[in-house]
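Open the viewer and get ready to select residues by number.

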Amino acid sequence: MRGANSLQSLDMSESARSVSEGQQRYSPAEIEPKWQARWDADASLYAAEGHDSGKPKFYCLEMLPYPSGQLHMGHVRNYAIGDALARFMWMRGFNVLHPMGWDAFGLPAENAALKNNTPPAEWTLKNIAAMRRQMRRMGLSYDWSTEVTTCLPDYYRWNQWFFLKMYERGLAYRKKSKVNWCPECQTVLANEQVIDSKCWRHEDTNVEQRDLTQWFLRITKYADELLSGLDTLEGWPDKVRTMQRNWIGRSDGALVDFSVAEGSAVDGGAEKITVFTTRVDTIFGATSVQLAPEHPVAKSFAACDTVLTGQIEEMLAQQKVAREAGDLGAIEKHGVDTGRFAVNPFNGELVPIWVANYILADYGTGAIMSVPAHDEWDFEFAGKYGLTVRRVIVSSSGAIESEQLPYTVEDDAVLADSGEWTGESCVEAQRKMAEFAKANGFGTATVTYRLKDWGVSRQRYWGTPIPMVYCENGHAGTEPGGVVPLPESALPVVLPAQIEITQQGGSPLGRVTDFVNTTCPVCGGPARRETDTMDTFVDSSWYFYRYTDAKNGAAPFDSAKANYWFPIDQYIGGVEHAILHLIYSRFWTKVMRDLDLIKNDEPAARLFTQGMVIKDGAKMSKSKGNVVSPDLMIERYGADATRMYALFAAPPDRDLEWQEDGVAGISRFLGRVYRLTLKYGATSSEGSGSAPAAEATLLRTLHQTIAKITEDFSGRWHFNTCIAAIMILVNEIAAAEPLMDAGKISGAVIAEVFRSLTLMLTPFAPFLAAELWEQLGGEGAVFRVAWPVADADLAREAEMEIPVQSNGKLVTVIKVPAGSDEATIKAAALADAKVVAKMEGKTVVKVIVVPGKLVNIVVR
């Protein structure tokens, strides 16, 4: 079999061969526009069929792009993967939905408006037109009748509708909160949009902490289901599921009330401090209670202690610096003894109350019991301030002397000096002690999460207006300035078209008086509109449902249509969205299910995260200035070569190192396929069939290639090796040229080989496949023709290679007929000349034959 070790080896003889035979030279510049014009003229070409088609459905989806203006090769790789899969599934007889749209709201459009003095809508829609043109030129098989553009009112009105539905159910609410603020974007960021303390869009900009009143979506209500649902997503990468588990961050523990000791409480202050602990079994080792600087009890103590007030302000400043540096865990730990005490409810012991900078107000209750002997941070803090360290957990073996503190073992450990629970295992004691606390009214078992509610307010213009107003005079049930939701009949709240955009003074909408000033929908009095807009991740949280019914003006979508298509059968996109879009969209799906809009619990059954395209040692991106335009590659080599290279150069889940020479090599290979097919595939020569061995080789390679590509599409998606297998087949065809020229290969074999070759090229090089299909006399769209079926008998190798060992060391490799039995293999091995020479003067003790694998001859 002839290999495909490099692109260069595939065409060494092709340039010299020229076209003296009278065949046309491959010209993608002529072929591709011809077919694109035909495809564009047929609006139904890529349309999904009705739900009653009788075919199994397949929803194939790539993540929609932000319309930045130009596609680059990173986009092409993503879309080429999805396009290949969609075409393959059509050929396998599926009813395929393969849509595309635009994640069109967001900061880049607004920033471009500032830079270029161009309205964001104009900039965005112009970019969409340019990128749509590029996608068409790439030959991507999208059903444009389902196109979704999130910045248009016919889409974002449903963002507003969902917001109102969530507000009705208590899932949307407003509160003052410490939020992440990007000084470059001049807006709030969700926790998920802060990466290593930097803005997700500005990698060099430190995120600040600010106190603002914001709108939130109560994603935490679904925390348990978001976590448990990951176990059902077996078609998602383990890496993504692990990232989401860690982000949700479930902690099982207990709430325990430490009462403020008599003489320590202040007038009007709290009488108890509720701590959250994951290790209630260590409570007899608690030697202090520590509060976050913002804890209400700490504030009540500071109200009558000016020194403590200054110390708390200093600790808050330290936390702010650590947050903005992105490493709260590395904060140098400081604390102050308040001089007051709390009572441990398990043993009645008085423990000092401290305020510490490493305790966070937004984790647990903002208060902990400090157990230095069994927690690393507590141990460090106790060492610094000379606090008591009391051991209450020991190894179940009792070997205390060899165990260094802090001793944090939980399994195979038991309690010591812990009252009636002494000797209990840690795990069992945690359950019993939480039950004891509940029975006695000072605690309970509980669960906390790292996941926080989703802050969706943004102080920018180019986003979905939030459908709320503030009634100035108030009315029954609403105080003056209170929040009033708009009725559904008032939707959409449309963004004003012409607006001055600056990065000063809050939301730009706040300066548009015609937008801000309105009437209360309840009392008819004066009201002020909400001027924040929604986070753009709202837009992408449900867009794939809209594809199923994109023109619906009465609802987000028809439930029957969504229920037919969902869940998505294959979703394709970057792993960088693991805790942004992918977790938000799972939340939105569960909300829509609870609104009785859909039946599915998860949006996508399978997720594929493609590798990045790397150039000059960095991810290809506009911000890094290393973008390669597909337009330039298409101009030089054609769309088929450009997209096929993106699939060939590396496995799709690995990073691809960009090399233009590779695109040129693919173009030459496609030229070779074109020449061979036009020369032989379209002829009517019958041929004598007088070269049966060559015919068998061609058919064997053909059916092995069909089998490999079929299997890879069903599982591994190693499109690079699929394309390499096609190259090997083409090498075998080229090797048989003299026999085909001499008429020794039958016409039936030639026809089968070139027909199947053309069909196998269809997912990877659709323009060339369409052209060749027409040249072969095929009818209809080539991607609607049934995928070829591998014949196992024809694919079977005529011979197989068997290693022969002597006492475990390789002697030779023999060839025997495929399917040979043990006796035949043994006889062939013992008759081999190298084996005979090796055995001379020795006694054969045993011959071990592993059929199809090896022969080992034991001698002495």
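Begin with the aromatic rings. This is a predicted model, and a search of the whole structure turns up 57 aromatic pairs.

**Stop 1: a stacked pair.** Select Tyr-545 and Phe-557. Their rings are stacked, with 5.6 Å centre to centre and 25° between the planes. Planes under 30 degrees apart count as stacked. Tyr-545 sits in helix 14 (residues 543-546), while Phe-557 is in the loop between helix 14 and helix 15 (559-565), so the pair ties together parts that are 12 residues apart in sequence. Are these residues buried or exposed? Tyr-545 has 0% relative accessibility, so it counts as buried. Phe-557, at 2%, also counts as buried.

**Stop 2: an aromatic cluster.** Now select Tyr-155, Trp-158, Trp-161, Phe-162, Tyr-222, Trp-454, Phe-537, Trp-542, Tyr-584, Phe-587 and Trp-588. They form one aromatic cluster.

**Stop 3: a surface patch.** Select Phe-379, Val-389 and Leu-405. Together they make a nonpolar surface patch of about 210 Å². Find Phe-379 in helix 11 (residues 376-385). Phe-379 is partly exposed, with a relative accessible area of 31%.

Stop 4: Look for an open sheet of four strands in the order 22-21-24-23, paired antiparallel. Which strands stand at the edges? They are strand 22 (482-485) and strand 23 (517-519); each has a single partner strand, so one side of each is left without a neighbour in the sheet. From one strand to the next, the twist averages 45°.

Now select strand 21 (residues 468-471) and strand 24 (residues 526-529). They pair in the antiparallel sense over three bridges. Pick Val-469 to finish: its bridge partner in strand 24 is Arg-529.

Key
Residues numbered from 1 in each chain as written. Predicted model: local features only at pLDDT ≥ 70, side-chain atom pairs only at ≥ 80, totals over all residues. Heavy atoms only, no water. Pairing = 2+ DSSP bridges. Helix = DSSP H or I, 4+ residues; strand = E, 2+ residues; numbered from the N terminus. Axes fitted to C-alpha atoms, helices over the stretch in contact; angles between N-to-C directions. Patch = residues over 30% accessible without salt bridge, like charges linked within 9 Å, V, L, I, M, F, W, Y side chains within 5 Å. Areas by Shrake-Rupley, 256 points an atom, 1.4 Å probe, with all protein chains shown as cover. Salt bridge = Lys/Arg side-chain N within 4 Å of Asp/Glu carboxyl O. Buried < 20%, exposed > 50% of the residue type's maximum accessible area, 1.4 Å probe, protein only. Phe/Tyr/Trp six-rings, centres within 6.5 Å; stacked < 30°, edge-to-face > 60°.
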